[in-house]
Amino acid sequence: MSNGIAWPSGKELEVLRLLQSAVKGMYGLEIVEKSDGTIGRASVYILLSRLETKGFVDVTRPEKADHPGMPRPIYKVNGLGKKAVAMAEIMGMNLAGARS
Amino acid sequence: MSTFKYWEADMKALREQFEQADPRDLQIVIAQLEESKRNLERELGRASKLITISDTGDDKAVRLAKPPKIYWSGLARFFMTNSRYKSLVEPHIADMQQEVYECLGRGDEWGARRAVIRGNIVAVPSWLWGVIATGIWRIVELFKPG
């Protein structure tokens, strides 16, 4: 793109759409569960990492978990991500089937 | 147990000292007694902390104290940049630990073990599976006759 923003791929758009449905953000595994098999456990964090790098997603890492282990990061779509989803819908892109 | 033996020895020594002591030395004896009491409280406090972790005989308590990890995460940390590690490996560890503690909370020990195995497999990037498969294939090729 001319303004330097990399357009999200089809699967990344699918992740963005799922994230948009959750106001408080989502964990990686929640995205996997809600995607109905479109997004796998092994690939979800690769997609989220790319979205974070491209600037469509904000990540919150809580300091403490409710168990002695590591806290899970919460992913939330930001303004740019919402615009990308809206644009994709206007352009009539099939989110799950769109190509990068 | 050993704490009480020490305490008994302390008390015996103090009692002897008390019996032999001049009433004027009573203040010194009382001070020593108070010191002994403080030591005992400190020892008991330390012992109770140890008991909660290792002496309860409750495996869950021990496991809860040590969160499970992904075995190759040290290797990943060595080869990956900190930001890549945080965004690609740490979330898998966090998910695995969440699942493990959920299973242990339900009393499902086998579920917790499965969660650890699944976490270790899922966190391996797909390209690394390709490298592993190629390596195995090359080893097999070495033993091919002819």
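What covers the buried residues of α3(A)? In this predicted model, the cover includes α1, α2, β1 (57–60) and β2 of chain A, together with α5 (82–88) and α6 (90–106) of chain B. The buried residues of α3(A) are V44(A), Y45(A), L47(A), L48(A), S49(A) and L51(A). The helix itself has 14 residues and reaches 21 Å from its first C-alpha to its last, which is close to the 20 Å expected at 1.5 Å a residue; just after α3(A), G55(A) adopts a positive phi of about 90°.

Among the buried residues of α3(A), L48(A) is also one of those with the most contacts inside the largest nonpolar core, a set of 22 residues in which V15(A), L16(A), L19(A) and I31(A) are likewise listed. Two or more residues of this core are given by each of α1 (10–20), α2 (28–34), α3 (41–54), β2 (74–77) and α4 (79–90) of chain A. When neighbours within four places in sequence are left aside, L48(A) is in contact with V15(A), L19(A), G28(A), I31(A) and Y75(A). Apart from this core lies another, of 16 residues, including I70(B), I93(B), A112(B) and V124(B).

On the surface, I117(B), I121(B), W129(B), I132(B), I136(B), W137(B) and V140(B) form a nonpolar patch, with about 700 Å² of accessible area together. The elements giving two or more residues to the patch are α7 (109–122) and α8 (126–142) of chain B, and α8(B) gives the most, with 5 residues. I117(B), which is found in helix α7 of chain B, has a relative accessible area of 52% and is therefore exposed, the cut-off for this class being over 50%.

Conventions. Residues are numbered from 1 along each chain as its sequence is written. Chains are lettered from A and ligands numbered from 1 in the order in which they are written. This is a predicted model: local features need pLDDT of at least 70, side-chain atom pairs count only at pLDDT 80 or more; totals for chains, interfaces and linings use all residues. Side-chain values use heavy atoms; hydrogens and water are left out. A nonpolar core is a set of buried Ala, Val, Leu, Ile, Met, Phe, Trp, Tyr and Cys residues joined through side-chain atoms within 4.5 Å. Buried means under 20% relative accessible area, exposed over 50%, partly exposed in between (1.4 Å probe, protein chains only). Helices (H or I, at least four residues) and strands (E, at least two) are DSSP runs, numbered from the N terminus. Contact means heavy atoms within 4.5 Å. Patches are made of residues with over 30% relative accessible area and no salt bridge: like charges are joined within 9 Å, nonpolar side chains (Val, Leu, Ile, Met, Phe, Trp, Tyr) within 5 Å. Accessible areas come from the Shrake-Rupley method with a 1.4 Å probe; for residues, only the protein chains shown count as cover. A salt bridge is a side-chain nitrogen of Lys or Arg within 4 Å of a carboxyl oxygen of Asp or Glu. The expected span of a helix is 1.5 Å times one less than its number of residues.
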